[in-house]
Structures are given as C-alpha cells and as structure tokens.
Amino acid sequence: MGGTKKKKFERGSATAFVSRNKALKKLQLSLGDFRALCIFKGIYPVEPLHKKKVNKGSTAVKTFYNLKDIQFLAHDNLITKFREKKHYLRRLKKAVAKKNTYAESIIRDNKPVYSLKHVMKERYPTFTDALRDLDDCLNLCFVFATFPHSQRIKVDLVQLCRRRTVEFQHYVIAAKALRKVFVSIKGIYYQADIKGETITWVVSHKRGYEHPQDVDYKIMETFAEYNSVLLGHINIKLYSDSHLVYPPQLNEYVSHDPAKCLEGDIVDEHLASLAPHIRTTGEHPDEVEDDPEVDAMNAVNVDDPEYIERSKVEAAAVHRLQNLFKGCKFFLNREVPREELTFVIRCCGGEASWDRSLGVGATYSDSDDSITHHIIDRPTVSNQRLDRTYIQPQWVFDSINARMLLPPQEYFPGIPCPPHLSPFVEEKEGEYVPEEKVKFLKRMKGEMEEEEEESDGEDDEEAEESEDEDNEEAVQQVGQKRKRNTSEAAEEPEKKTVKMAVSEGSIEKVDKQKALARQQAEERRLGEMMIPKKHKRLYHKIMTSRKKSSQETMKLKEKKEKLKAAQKKSKKKKEKV
Amino acid sequence: MADQHNAPKLSKKRKLGKNKKKSWCVSKVDDIEEFLEDERQQIRTGGLVAEKADDVLFVVDTSSSKTTADLSEKEPQAKRRRKDKPLKCLALLQPDPHSKAVRKSDGPNFQKGKRTNRILDRLRARSQSQTRLKAAEESRKYAESRRDVVESQKQLPVTAEDLWANDDVDKKTFSVKPPKKYRKKPSALPATLVPHPGASANPSYDDHQALLLEAHNVEIKKEKEKKRLYNALDAKFPNKADAPNESTYLTEMSAGLVSDSEEEKEEDDEESQNTSLSVNPPVRREDRKTKKQRRVEMESKVKEKEKAKMTDIKQRENKVLRIPTIKAEINKNERKQRDRAELKRKKKELEPFKTKRLNSIKYPLHISISFLFIIFEEQDLALKLSTELVGSYRELKPEGHLLKDIYKSVQRRNIVEPRVKQKVKRKYKLKTFEKKGHKAVTRVVVHVVAAAAVAVIVVVVAVIVVVVAAAVVEVVLDY
C-alpha cells in the first residue's frame with residue numbers, strides 16, 4: 001500500500017502552465033521582445049481553470065502561458081534574432097556615446113534582420129487559413145497607412161502599409177469582390193467576398209484625428225509589422241490567382257506632373273488614386289463566375305434543388321452588383337471623398353474621375369460629355385448640365401447595398417437624403433421590419449412598380465409634403481400638388497425621356513422568387529408531416545416561439561399604424577383650423 | 001618734451017634678471033629707430049608737427065554746416081532722436097550685450113593643428129605601407145559588396161514570393177511540431193465588429209433611437225455599479241466625521257433600554273444566582289437505579305428495537321405502493337438536472353465569446369448578446385446625439401479612433417493581456433546649473449532684489465528702534 005507520497009504541484013495543471021516571468025527567464029528574452037515574439041508566432045496567454053493549483057497555492061492573478069507553447073517558442077530561430085538585436089543595440093549605444101562615427105556606421109550596416117516567412121507558413125498552412133485572419137490585417141494596415149511620421153511610428157512601416165492596402169484595393173476592384181458598404185460615424189465598413197470568405201474591414205474617414213494616448217503603440221506597431229507582411233503574402237497569392245501582375249503596374253504610360261508628386265513616385269501615386277486599370281499577365285481569367293448556372297453547379301449540395309435555386313438567385317444578384325455601374329461615368333466634385341468613392345464605383349464596374357488640379361489619376365475633365373453622374377456634396381450646383389445626373393455620394397453607397405441603381409430623385413443635391421441603412425442587418429422571417437427599411441425596399445422595387453407605389457404611398461407622400469410646405473401655404477388642394485409634382489418631373493430630363501419612350505411589349509415574366517417561395521412553403525408543409533414523433537415536440541416549441549415573435553411584430557405594426565393615424569388626424573384638424 | 005613722451009617704453013611683460021647683463025641694454029630698438037626716422041622725415045618735409053600751432057594744422061570746415069543746420073530746423077529734435085533709436089521690438093531681438101557667447105565644445109580634432117610636421121610625416125609614411133594599402137583596398141571592396149545587402153536590410157520585412165503556390169503538394173512537416181491547439185483562435189469574436197445600424201452617418205430615426213437607448217442602458221448600469229460600490233465601501237466605512245464615536249455608540253446601544261430597565265435588572269439577578277451554582281444536583285445513594293429498573297429499561301429498549309425493525313420491514317413491503325411518488329420524485333430531480341445542464345450548456349456556448357482574466361488588471365466587461373449585435377459595454381458607445389446629426393457626408397465629424405478600437409478588440413479577444421501604461425520614474429532628482437557666461441544678467445537682478453530687501457530690513461529695524469526707544473522713555477517716565 002505504501003509507495004512514495006505524492007508531492008504537491010509536481011504534476012497536472014501546476015506543470016502545464018507557466019507564468020510570464022518564468023517564460024521570460026526560460027527564453028532569456030526581455031519583456032518587449034517576448035511580446036513581439038508571441039505576436040509574431042501567434043501564442044496567446046491563457047486563463048487556467050484552477051488558478052490556485054496552477055499558481056502553487058497563491059490566488060494572485062497572473063498572466064499564464066501553456067508550457068507547450070513556450071517550449072514551441074524556444075525552438076524558433078527568431079529568438080536568436082532577437083538576441084542579436086539586443087547585442088546590436090548595446091554595441092550601437094556604446095559607439096554613439098563615444099561619438100565613434102566610424103564604428104557606428106559599421107554597426108548600423110550590420111543590423112540584424114529577420115524574416116517572418118516561415119512563421120506565415122507555420123501559422124497558415126493553407127491559403128484559406130490566412131484569409132480568415134485578413135480582417136484584422138486589413139483593419140490595422142488601413143489605420144497605419146494614415147499615420148503621420150512620428151518618433152514612435154517609423155515612416156517605412158507607414159509607407160509599407162499604404163502600399164499593401166492600395167495593392168489589396170486594386171485586387172478587390174479587379175475581382176469585383178465588394179459586396180456591402182456601410183458609412184458609419186466611425187469609418188466606412190466594407191464587406192467583400194474573397195475566395196468564398198466574407199471579409200469585413202473598416203477604413204477611417206479622411207479627417208484630421210487626434211491620436212489616442214492610451215494605446216500601447218509598441219504592441220500595435222508589432223502587430224502592424226506582422227500584418228503588413230501577411231497582407232503582402234496574401235496580395236501576392238491573390239494577384240497570381242487572378243492573373244494580375246505583382247507588384248501592380250499601370251497599363252498605360254503616365255506623364256510626370258512636378259506639381260503633384262516626385263518623379264520616382266508617379267506610378268505609386270497613380271496606383272494610389274485607384275482610378276487606372278492595372279496590368280494583367282495576359283492570360284484571360286476564366287469566365288466561370290459570370291455564369292450563375294455553372295457557379296451553382298459547383299456548389300457543395302448538388303442534390304438539394306432548393307439550395308441550387310437559392311444560390312442561382314444569389315449569384316444573379318452578385319452578377320448584377322458587379323456590373324452595377326457598367327457604362328456609368330462618374331465625376332467627383334472636390335468636396336467628395338475621392339478615394340472611397342473611386343474604390344466602390346470601380347468595384348461595380350464604373351469609372352470615376354475628378355478635377356485635374358485635385359490630384360493625380362484624373363482621366364477625364366468636368367466638361368466631358370459622356371459623364372452620366374456628377375457626385376456633389378453641396379447644397380447648390382452652379383452651371384448645371386442637362387446631360388448628367390447630379391447626386392449626393394450616399395446614392396452610390398445605397399445603390400451598392402440595394403444592388404441596383406436607385407431612383408436618383410431622393411438624392412438630388414440640397415435635398416436631405418433618405419436614411420443610410422446598415423446592410424449588415426438582415427431580418428429573419430416573421431421579425432419586425434422597421435418602417436425605414438420597408439420604405440427602402442419599396443424604393444428598390446420603385447423602378448419596376450412605379451405606378452403601384454404611387455397609389456400605395458399616396459397618403460404618405462401627402463403627409464410628408466404637407467410637412468414640408470406647411471410654412472409656405474396653409475391650405476392646398478391635393479390636385480395642385482399632383483400638378484406640381486409633374487412640373488418637377490418635367491425639369492428632370494431623364495425622367496421625361498423614360499415617360500416619352502415607346503416600350504416594347506414583353507413576355508410575362510415568371511417571378512422566380514415568388515415561385516421559389518411557393519415551392520418552399522409546400523415543401524415545408526410536406527416536411528412537417530414527415531417529422532418523427534420524437535422531434536415533434538421540439539418542432540412545435542420552435543414554431544410557437546416564432547409565432548410569438550411574429551405576434552409581437554404585429555403588435556408593433558399595429559401600434560405604428562395607430563400612431564400614424566393619430567398624427568394624420570391631428571394634422572387634418574390643424575389644417576381645418 | 002615730445003621725446004620724453006613719445007619715447008618707446010620697454011614692455012612690462014618682459015621679466016629679466018637685473019643682475020644679468022642682458023637686461024641692461026634695450027634689446028628691441030626697432031620702435032626707437034622707427035620713431036627717429038619719422039621725426040627726421042617730418043623735419044625734412046616742413047618741420048615737426050608737434051611744434052606747429054593749431055590753426056596751421058586745422059581748418060574750420062564751413063562747407064557742410066549749412067545743410068546740417070537746415071536739417072535740424074526742419075525736423076524737431078525729439079523726432080530726430082526717435083528716428084535714430086531702433087524699434088523696441090527689434091532691439092529686443094538683439095543679443096544681450098552683457099552676455100558672452102557660449103563656448104563651443106572642442107571638436108574631436110581640436111588639437112589637430114598642434115601636431116608637428118615631423119609626426120605627421122611619420123604617420124603619412126606609415127599609412128603608405130604595403131600592408132596598410134592592401135587592407136584599405138580590401139575594406140573598400142568589402143564595403144562595395146556590403147552595399148546591396150545593407151540596402152535590402154534597411155527595409156522592413158517584405159514579401160518576395162508566393163507562399164501558398166503549391167498548397168496541395170506541399171504538406172511539409174515543420175522541424176518542430178506545433179502544439180495541438182496552436183492554430184485555434186483564442187476567441188470566437190469577429191475581428192471587425194459590425195456597428196449598430198444607429199451608428200450610421202445618416203441613421204433612420206428608429207435605429208438611432210435604439211442606439212441611444214442602448215447607450216442609456218449602459219449608463220444606467222454604470223450608475224448602478226457606482227451606487228453598489230458606494231454602498232459596499234463608502235457607506236460601510238465612512239470617514240472620520242461621519243464615523244460613529246463613543247457617544248453615538250452608547251446612545252445607539254441603549255436605545256429602548258431606559259424604560260424597562262428595572263425588570264431586566266431583576267431577571268439579570270436571578271440569572272446570576274442560577275449561574276453561580278452547579279446545574280446538576282448532588283448524587284445521593286437513594287438516587288441510584290435498582291436492578292429491576294435497569295432490567296425493565298433494557299427490555300423496553302430491545303422491544304423498541306424489534307418494533308422498529310418490524311415497521312421497517314413493513315414499510316419496505318409497502319414501498320411498492322409508493323412507486324408513483326418515487327417516480328415523481330425521480331422525474332423532478334431529473335428535470336432539475338436537465339435544466340441545470342441546459343443552463344451550463346448555454347453558458348459554455350458563450351464561453352468562447354468571453355474575455356478571460358489574463359492579468360491583475362481586470363478588463364471590465366459585461367457582454368450582452370442582443371439579437372444581432374454583440375454589444376460590449378465596457379467602451380463608451382460611439383454615437384451622435386440627435387442634435388449632432390448632420391445631413392451630408394461633407395460635414396460629418398467622425399467619432400473615436402480606429403486604432404483604439406483595434407487595441408481594445410485585441411484585448412477583448414484574449415490576444416494580448418490588458419495593460420496599464422507605466423509611468424517613467426526618475427531615480428534621482430535632476431540638478432540645474434547655470435553657465436558662467438550667462439550669470440551676469442541674473443546677478444544684476446539678484447543685486448537689485450537684495451538691495452530692496454536690505455532697504456526693507458533697514459526700515460523695519462528703524463521702526464523697531466523707534467518703538468523700543470519710546471518704550472524706554474515710558475519706562476523712564478514711570479520711574
């Protein structure tokens with residue numbers, strides 16, 4: 001029975017974790033170097049389940065690492081590089097202090113450098129692994145690309161980040177991978193579909209910022225360094241996969257304008273303007289993605305007809321988005337965010353230019369007759385031309401989110417735009433859809449069912465207009481308003497042409513979505529019958545909860561209607577008075 | 001006379017022993033000779049200048065006097081003076097005439113010129129030696145070869161080639177096998193948190209109100225937490241003024257005691273009498289149990305035991321009838337367990353979204369996962385008030401900074417432990433010195449101040465003297 005007595009803290013979780021200080025001692029690194037190494041290698045601190053056991057009886061909160069992780073770190077060649085760096089700094093400091101310039105120059109020449117290539121390969125064995133980390137990578141690189149040179153942040157790193165982000169944007173443009181845009185008060189959120197992965201990233205607005213003081217810049221710089229390298233590798237792969245020349249090169253020769261940039265920066269500056277097309281390797285990329293049918297067939301669930309149908313609809317929508325601005329020529333006024341708009345316009349197949357005096361990359365001038373849209377962000381327009389539409393920048397973003405060209409009437413300069421809704425919100429079946437969203441959806445359908453909408457939304461329009469015109473005229477006839485509406489329409493050349501045009505009779509279209517919905521409903525009914533008794537209860541539970549939510553929705557809707565009715569009544573009373 | 005005055009003197013610096021013959025004679029006679037030569041020249045050209053009268057030598061200049069007089073008539077004297085004076089603003093820019101130039105530190109080669117040619121020649125010859133030349137040539141070659149390497153090293157780590165060119169083929173095992181959970185992300189949270197729709201640059205009314213409500217709730221929660229902390233700390237441990245002292249303690253403790261103090265006293269007396277004696281009465285011979293008594297006790301005990309046994313058996317036999325109750329009990333327990341398991345499962349599902357405690361600094365976090373958006377309440381929600389909303393993108397003022405968001409997100413996702421910026425502390429106090437050359441200005445000021453101080457002291461002393469004198473006079477008068 002005897003045996004040796006087990007000692008405490010010699011096995012189990014007490015030995016599986018090490019505190020940070022212990023790790024430092026084991027690796028013989030300074031804290032700063034250790035942090036950098038952990039960031040590069042992707043080793044994170046952990047929180048053990050039984051802290052008291054791990055901490056040998058003490059309950060003090062410490063930073064712990066897995067012992068295995070530290071042992072793994074100990075094998076990396078980067079450690080020697082970090083140690084070399086330490087020695088380098090020590091020698092350099094001495095030489096500088098002694099004012100020994102000759103020795104200093106020699107030491108500086110022999111500055112140790114490290115490569116992160118093997119780390120990349122180790123952390124991301126496949127390309128999709130790397131793509132999953134792209135969100136972080138893009139966020140940080142886009143932020144660093146906007147930084148000014150300072151003592152803390154090296155100019156090289158900023159420039160590198162800038163170059164990488166420009167490269168990436170050019171890829172997104174070439175691949176037409178952009179799916180959603182959301183202009184928030186923090187920055188502009190983009191969502192792209194890159195090789196089947198959904199990538200979301202933020203870019204800050206082009207404004208002057210006060211840099212935050214409570215951020216550890218050393219850590220962020222390390223992250224930025226790592227991410228810039230990663231983004232570079234990803235860019236190379238993306239470029240080579242879509243038959244583009246890396247590093248990106250201009251298709252045409254551009255002349256040097258000494259007022260805009262240095263001679264050595266011409267290509268970089270032109271690329272950064274995002275306007276020009278970049279050179280391809282000459283091989284024609286496969287046109288697979290353009291055909292929704294084939295795309296659907298490539299999907300995983302080939303057997304599921306519903307899935308195929310759905311993916312077909314989705315693919316068609318994406319195709320529509322990719323060619324949304326095809327044939328449109330935009331001109332950006334000087335107060336409009338140039339880079340952002342150029343990026344989104346070109347992602348949807350459009351072209352953009354600006355005044356030549358504003359910056360490099362302008363391809364056509366204001367006087368070009370082929371311009372279809374003029375983006376403007378000021379209340380009044382001078383010298384308005386009849387052959388183009390003047391719109392506010394929000395129209396571009398909303399159109400992309402709607403995946404169709406929205407009617408521009410509501411986005412004319414000087415008019416308060418309709419709300420910019422978040423494309424990241426998707427209501428599920430039976431949930432409450434906010435009123436604004438309903439309006440937005442109606443607007444989306446606006447082109448197709450204009451008449452219907454007018455008859456539907458007559459009351460709303462009346463209410464809105466009466467709000468606007470309250471001050472001007474107290475009492476107005478509805479008929480008068482109609483007349484004014486038509487006169488307004490006459491001023492707009494485009495609308496007029498649409499009304500005057502003789503349209504060809506078309507075959508009655510089968511609404512694919514409606515048919516799909518009908519089919520789905522039937523299938524569901526059949527499926528319900530087939531549910532085994534075992535799961536029936538659970539199913540009913542889910543259904544009741546759904547019903548409940550829909551009931552709540554109904555309640556909200558009723559409330560809204562009541563509120564509206566009350567408002568209308570009060571307004572009418574006022575008018576009467 | 002003139003000779004005596006003008007005769008060259010021996011310089012004072014010359015120090016020679018007077019007992020040496022060398023010092024007897026004037027060694028330098030150049031000056032004297034020059035002087036004599038000059039005199040001779042004057043005599044030759046028209047007599048000694050020194051002997052001539054003033055009106056022979058000087059002529060009154062009458063040519064320009066008129067113009068100056070005119071000028072002075074035209075401009076008043078004050079104006080002229082003003083004109084000559086430099087502007088005050090410019091005068092302030094002029095360096096202080098009292099201060100001396102700061103002495104520059106000696107460069108590394110400040111004694112270079114002092115080396116004699118002899119030494120320089122020797123050095124030159126040594127540098128021309130064959131070995132030296134060879135070494136110089138070699139170092140030049142090396143520097144050339146290094147240049148490319150150095151250029152490449154100056155840049156940050158850059159990408160060079162496609163890493164994943166042959167994804168499928170290259171299943172290379174690394175020299176060191178990474179740990180099992182190496183590629184597992186420390187948190188399930190997304191890197192880019194999609195903002196609330198109310199944070200749009202041009203939000204819809206409902207969304208914006210929802211965001212405001214969200215922010216409002218956060219504030220309320222914060223207030224609640226503040227209140228809780230106050231109740232737990234400040235209210236419990238008040239400061240000295242509010243803390244109960246002896247008098248308040250007495251009044252508090254004696255509250256309600258004054259009216260029925262007499263009864264209490266009596267009770268207390270009784271109790272004290274009781275407690276002073278032993279509880280058990282003394283054991284006497286008569287109190288001992290008889291044999292019979294013991295036997296009867298024993299028998300009754302056995303009987304009771306048997307009875308218990310019987311009832312137990314009976315109960316067990318009847319348990320069959322209790323089956324439904326037992327079943328219900330079991331079901332109840334099971335349901336309880338299931339519920340608890342469900343709760344645990346739900347908790348576990350949220351686990352990957354949680355921020356772990358990785359440091360002594362606690363990352364303040366209360367996640368509330370609302371329907372679509374994971375809202376982190378630790379950060380102030382970025383929002384615009386209704387009055388701050390603007391119509392166009394041009395006028396939009398952004399909120400917050402993305403770098404801070406990223407930093408927070410990295411901490412939230414357990415990638416980096418939270419940190420507090422450490423303040424740099426100086427080990428010793430810095431001493432300040434004044435350069436000698438710059439002292440002059442401040443010294444003047446100090447003198448002035450000192451003088452003023454002395455004056456004040458003098459006045460004070462005088463007053464004291466007067467007062468004392470008066471007192472003395474009074475004393476004298478008393479006597």
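Two strands are taken to pair if DSSP finds at least two bridges between them. In the predicted model described here, strand β8 of chain A, residues 373–375, is joined to β9(A) by three bridges, and the two strands run parallel. Within this pairing, H373(A) has T389(A) of β9(A) opposite it.

The pairing of β8 and β9 belongs to an open sheet of four strands in chain A, with parallel pairing and the order β7-β6-β8-β9. The edges of this sheet are formed by β7 (351–354) and β9 (389–391) of chain A; each has a single partner strand, so one side of each is left without a neighbour in the sheet. From one strand to the next, the twist averages 25°.

A second open sheet in chain A comprises three strands with antiparallel pairing, in the order β3-β4-β5. Here β3 (178–183) and β5 (197–204) of chain A are the edge strands, each of which pairs on one side only. The twist in this sheet averages 15° from one strand to the next. Five bridges connect β3(A) with strand β4 of chain A, residues 187–194, in the antiparallel sense. V181(A) has Y190(A), in β4(A), as its bridge partner. In general, the strands of a sheet pair through backbone hydrogen bonds, either parallel or antiparallel.

Charged side chains also link parts of the model. Over all chains, the structure holds 45 salt bridges. One of the salt bridges is formed by the side chains of K329(A) and D368(A), at 3.5 Å from N to O. K329(A) is located in strand β6 (residues 329–332) of chain A, whereas D368(A) is located in the loop between β7 and β8 of chain A, so the pair ties together parts that are 39 residues apart in sequence. Side chains of opposite charge can pair when their charged atoms come close.

A nonpolar patch is present on the surface, formed by L526(A), M529(A) and M530(A), which together have about 390 Å² of accessible area. Of these residues, L526(A) is part of helix α23 of chain A, which spans residues 512–530.

Two features of the backbone of chain A were also noted. Most residues other than glycine have a negative phi, and most peptide bonds are trans. K176(A), although not a glycine, has a positive phi of about 50°. This residue, K176(A), lies in the loop between α11 (155–175) and β3 of chain A. The peptide bond that joins Y246(A) and P247(A) is cis, with an omega of about -10°. P247(A) is placed in the loop between α12 (217–241) and α13 (266–272) of chain A.

The confidence of the prediction was considered for each chain. In chain A the pLDDT averages 84, and 86% of the residues score at least 70. Residues 287–296 of chain A have a pLDDT below 50, and this stretch has eleven contacts in the model beyond near neighbours in sequence. Residues 447–497 of chain A likewise stay under 50 in pLDDT, with 35 contacts beyond four places in sequence.

For chain B the average pLDDT is 77, and 72% of the residues score at least 70. The pLDDT is below 50 over residues 366–377 of chain B, a stretch with 33 contacts in the model beyond near neighbours in sequence. Where pLDDT is low, the predicted coordinates should not be read in detail. For the complex, the predictor gives an ipTM of 0.78 and a pTM of 0.67.

How values were computed: Residues numbered from 1 in each chain as written. Chains lettered and ligands numbered in written order. Predicted model: local features only at pLDDT ≥ 70, side-chain atom pairs only at ≥ 80, totals over all residues. Heavy atoms only, no water. pLDDT = per-residue confidence, 0-100. Contact = heavy atoms within 4.5 Å. Patch = residues over 30% accessible without salt bridge, like charges linked within 9 Å, V, L, I, M, F, W, Y side chains within 5 Å. Areas by Shrake-Rupley, 256 points an atom, 1.4 Å probe, with all protein chains shown as cover. Salt bridge = Lys/Arg side-chain N within 4 Å of Asp/Glu carboxyl O. Axes fitted to C-alpha atoms, helices over the stretch in contact; angles between N-to-C directions.
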